[in-house]
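Trainee: Could you take me through one part of this structure in close detail? I'd like to look at the aromatic rings and what surrounds them.

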Amino acid sequence: MATSSKRNIKENSIIDAAEKVFSRQGFANTKMEDVAKALGMSKGTIYFYFSSKENLYMAITYRAFQALIDTFYESVSATKDESGLEGLVGLMKSFIAFSEENFLYSEAMLDFISFVRSTSEGSLDGKITDAMKESSYYERVKDIQNIPINIFLKEIERGRNDGSILNKQKPELIYLYAWAGVLGFVKLNSTSGKKTTILKVEISDWRNYIISSTRTLLRDANA
């Protein structure tokens with residue numbers, strides 16, 4: 001047990017350092033040597049715990065999903081006495097805030113989702129390396145990747161039951177509509193570091209419009 005605990009502590013310290021290096025340099029521009037240097041340890045030690053840079057990135061991805069899930073549950077708890085509509089809007093707001101505060105995490109999750117879709121039905125299975133297949137973090141991510149979606153769908157169901165959501169479309173379609181707007185905002189705004197877009201639109205106005213347009217859609221029984 002003590003050995004396992006020590007390994008977990010070491011792994012977490014490596015992941016902590018990798019997050020800082022990846023955030024500063026980007027995944028593609030980072031080498032394992034850079035992570036080792038940040039920790040003041042040898043590259044061989046890093047490889048003892050993580051067989052590849054991709055494996056290390058997957059550990060960060062797992063952290064990202066865990067953090068988002070915790071954020072969502074906190075949001076659901078905060079709006080439990082409000083309508084399902086407000087619970088849904090709360091999830092959208094929490095995800096936007098989460099992504100603005102945790103750019104690396106949001107990028108890691110989106111990279112994973114894109115990666116999984118690109119390898120669906122075995123069409124591009126060659127992209128999955130042996131190290132990735134053997135990664136415990138890869139398996140852990142696969143186990144929890146749909147939890148945020150399920151939380152969102154439950155809030156839609158709650159909103160329909162309490163009458164605050166009138167839209168009769170499939171919950172999955174509503175989810176896609178809402179998250180397309182949120183993810184578009186996250187992707188286009190995450191690296192700008194500015195208060196306005198290139199189209200001279202205030203970021204806050206854009207954020208509020210996404211929320212208000214979703215409210216309108218959810219209240220429209222004919223949409």
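Mentor: Let's start with what counts as a pair: rings of Phe, Tyr and Trp (its six-membered ring) pair if their centres lie within 6.5 Å. Keep in mind that this is a predicted model. Searching the whole structure with that rule gives 16 aromatic pairs. Take Phe-95 and Trp-179: their ring centres are 4.8 Å apart and the planes meet at 85 degrees, so this pair is edge-to-face; the cut-off for that label is over 60 degrees. Phe-95 belongs to helix H5 (residues 84-101) and Trp-179 to helix H10 (residues 171-189), so the pair ties together parts that lie 84 residues apart in sequence. How exposed or buried are these two? Phe-95 counts as buried because its relative accessibility is 7%, and Trp-179 counts as buried because its value is 6%; the limit is under 20%.

Trp-179 also pairs with Tyr-175, with ring centres 6.2 Å apart and planes at 55 degrees, so that pair is tilted.

Now for the nonpolar surroundings. The largest nonpolar core has 57 residues, and Phe-95 and Phe-152 are among those with the most contacts inside it, as are Ile-14, Phe-50, Leu-56 and Val-182. Helix H4 (residues 53-78) gives the most to this core, with eleven residues. Domain 1 (1-50) and domain 2 (53-219) each supply at least three residues to the core. Phe-50 is a handy one to click on: leaving aside neighbours within four places in sequence, its contacts include Glu-11, Ile-14, Ile-15, Met-32, Asn-55, Leu-56, Ala-59 and Tyr-137.

Tyr-137 brings us to charges over rings. Arg-140 lies over the face of Tyr-137, at 4.4 Å from the ring centre. Likewise, Lys-53 lies over the face of Phe-27, with 4.3 Å to the ring centre.

One more charged residue deserves a look. Glu-155 is placed in helix H9 (residues 147-162), and it counts as buried because its relative accessible area is 5%. Not counting residues up to four places away in sequence, Glu-155 touches Val-76, Thr-79, Gly-84, Gly-87, Leu-88, Leu-91 and Ile-165.

Conventions
Residues are numbered from 1 along each chain as its sequence is written. This is a predicted model: local features need pLDDT of at least 70, side-chain atom pairs count only at pLDDT 80 or more; totals for chains, interfaces and linings use all residues. Side-chain values use heavy atoms; hydrogens and water are left out. Helices (H or I, at least four residues) and strands (E, at least two) are DSSP runs, numbered from the N terminus. Buried means under 20% relative accessible area, exposed over 50%, partly exposed in between (1.4 Å probe, protein chains only). Contact means heavy atoms within 4.5 Å. Rings of Phe, Tyr and Trp (its six-membered ring) pair if their centres lie within 6.5 Å; planes under 30 degrees apart count as stacked, over 60 as edge-to-face and the rest as tilted. A charge sits over a ring if NZ of Lys or CZ of Arg is within 6 Å of the ring centre and within 35 degrees of the ring normal. A nonpolar core is a set of buried Ala, Val, Leu, Ile, Met, Phe, Trp, Tyr and Cys residues joined through side-chain atoms within 4.5 Å. Domain bounds come from an automatic or database domain assignment.
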